[in-house]
Amino acid sequence: MANYYTDHPELEFYLHHPLMKRVVELRERNYSDKDKFEDAPVDYEDAIENYKRILEITGDVAANVIEPNSESVDLEGPHLENGRMIYASKTFENMEVTRKAGLWGISMPRRYGGLNLPNVTFSMLSEVISAADAGFQNIWSLQSCIDTLYEFGSEEQRAKYIPRVCAGATMSMDLTEPDAGSDLQRVMLKATYDEKENCWRLNGVKRFITNGDSDIHLVLARSEEGTHDGRGLSMFIYDKENGGVTVRHIENKLGIHGSPTCELVYKNAKAELCGNTRMGLIKYVMALMNGARLGIAAQSVGVEQEAYNEGLAYAKERAQFGQKIIEFPAVYDMLSRMKAKLDAGRSLLYMTARYVDIYKALEDIARDTKLSPEERQEMKKYSRLADAFTPLAKGMNSEYANQNAYDAVSIHGGSGFIMEYKSQRLMRDARIFSIYEGTTQLQVVAAVRYITNGTYLGIMKEMLQNEVAEALKPLRARVEKMVEKYEAAIEYVKAAENQEMHDFLARRLYDMTGDIIMSLLILDDATNAPEMFTKSANVYVRMAEEEVLGHSAYVMNFKADDLASFRAAEQEAAEA
């Protein structure tokens, strides 16, 4: 019987990374739950075995329930009845089976009924479910919104809402509006305090809300009258049980059909303030979005894997000109690149998740206990690493998911364009990954300061000191040359002292950054598990080299005056 976890031994490999001991130690607070909860691990080995059991259960559910339901969900989609969103029929089945399997409350402490799993494991679960159905992964993974409530809400709010999510209550984050997409400072949904009822009231419209008719919403709203920027925004908790919100419209989307995207109308809806006023965008949404971006990275890797699986299976079966098409260089080149992107992207995902786990666990401990100076330094270090790696993990993997899905369709030839084949659905589903929760362009904006201040360069040089297998040393030498090109390109852009030129070239510097860091990660993986990753290391480093050299040539030959050509082309198009 298929299992989306055990079928891919690469996943277990990442459970045994050296940093996992620190992740588990911090997450379990030196295994202090073992005397209070029967399912709590007693030591590191027990915790890892627990993660494997949960992953096996999820892999079984994904392969044998969610994936077989995915075509039906894609065809039916959600629909609107009397101002309420109704899921596709098989989505209800998916919800029920994941609840019965205990796959809700993944990250929450056991005292609230949660599983207390780290981000690494949550990301693996997300990857596995996304491979089965990326649309359902959206619904299921939005339970991670509860992390923000746990982090910034009151203890009373934690006790009220977290057990419900652990039991399977759905969540959404209601941020965007018709006039506020990427620019959330323009949010105008109004929050006013009701003195008589001792609560807040929300009025306005939210648009493009994933899983918008969920049980519990985190809502960004304008609490400070007369303000027009981010300093006037606060975060609120809306409980569907209280009423006051209707679904006006469900978007008819290109892909992820099972995931309802709603337009919501708030009419005097009762809500609770989460945290402090005026901190909604400045602090709470940033935390919410970073978690969501890691979730999209995991979702992307799941689709990368499934697209590769579909392309490989078809290439092995399809014969043309008297031989299987997998024997054609053009096809096996495509497949080898798909696999290399998958392996390198997955390595980046789980390295990012480990960094997030360490600093988040230390932040949580700091709420109860004063950290030692060493722990404060550790938290600062991993917070910075997580902040630098998250936009790379989200941006690069969302682009790779699109590329792998596109290539899967190409391998299928004309059949890939036929709706009966899964590859077309994977391509439709993947297209949103590089758009929502911050476009790739916004990931570039988030990453570029770490490019120009030398953070990524320092990471690369440190990683170059790692031991690699003898057979991989020629590849590492090629990466060293890439780093030299990268450093020269950064210095060239900085020396120009032209902000427009800096912004124009930022995407190329970003892509070079991702290419080099993933090259170094895949070399480490191939050193530790040559049987799994050597082929991908050989392919990925060559592929990265091809791209880095091209970007380097473009950057180093670019002059500020060249910007006029692009602006002129824009004007001509506008005037035509």
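Helix α10 and helix α16 (residues 499–528) pack at an angle of about 90 degrees, and their axes lie 9 Å apart. Axes here are lines fitted to C-alpha atoms, for helices over the stretch in contact, and angles run from 0 to 180 degrees between N-to-C directions. Helices (H or I, at least four residues) and strands (E, at least two) are DSSP runs, numbered from the N terminus. The two helices α10 and α16 are therefore roughly perpendicular to each other (angles under 35 degrees count as roughly parallel, over 145 as roughly antiparallel, 65 to 115 as roughly perpendicular and the rest as oblique). On the α10 side, the contact (heavy atoms within 4.5 Å) is made by Asp343, Ala344, Gly345, Ser347, Leu348 and Met351. On the α16 side, Ile517, Met518, Leu521, Ile522 and Asp525 take part. Sorted by class, the contact of α10 with α16 has seven nonpolar, two polar and two charged residues. For this sorting, Ala, Val, Leu, Ile, Met, Phe, Trp, Tyr, Cys and Pro count as nonpolar, Asp, Glu, Lys and Arg as charged, and the others, Gly among them, as polar.

A word on where these values come from. This is a predicted model, in which local features need pLDDT of at least 70 and side-chain atom pairs count only at pLDDT 80 or more, while totals for chains, interfaces and linings use all residues. Residues are numbered from 1 along each chain as its sequence is written, and side-chain values use heavy atoms, with hydrogens and water left out.

Helix α10 (residues 329–366) also packs against helix α11 (residues 373–412), this time at an angle of about 155 degrees and with the axes 7 Å apart. That makes α10 roughly antiparallel to α11. In the contact of α10 with α11 there are 23 nonpolar, eight polar and six charged residues. The crossing of α10 past α11 is left-handed (the near helix is turned anticlockwise from the far one by less than a right angle; clockwise would be right-handed).

Next come the charged pairs. Side chains of opposite charge can pair when their charged atoms come close. Searching the whole structure turns up 45 salt bridges, each one a side-chain nitrogen of Lys or Arg within 4 Å of a carboxyl oxygen of Asp or Glu. One of them joins the side chains of arginine 84 and aspartate 213 (2.9 Å, N to O). Arginine 84 sits in strand β2 (residues 84–86) and aspartate 213 in the loop between β5 (199–210) and β6 (216–222), so this pair ties together parts that are 129 residues apart in sequence. Arginine 84 is partly exposed, at 27% relative accessible area, whereas aspartate 213 is buried, at 5%. Buried means under 20% relative accessible area, exposed over 50%, and partly exposed in between (1.4 Å probe, protein chains only).

Another salt bridge links glutamate 251 and arginine 207 (3.8 Å, N to O). Glutamate 251 is in the loop between β8 (245–250) and β9 (261–274) and arginine 207 is in strand β5, so the pair ties together parts 44 residues apart in sequence.

Most residues other than glycine have a negative phi, and most peptide bonds are trans. Arginine 29, however, has a positive phi near 45 degrees. It lies in the loop between α2 (20–27) and α3 (44–76) and is partly exposed, at 29% relative accessibility. Asparagine 198 also has a positive phi, about 55 degrees, although it is not a glycine. Asparagine 198 belongs to the loop between β4 (190–194) and β5, and is exposed, with a relative accessible area of 56%.

Finally, tyrosine 492 is found in helix α15 (residues 473–496) and is partly exposed, at 23% relative accessible area. Leaving out residues up to four places away in sequence, tyrosine 492 touches Met501, Val555, Met556, Phe558 and Lys559.
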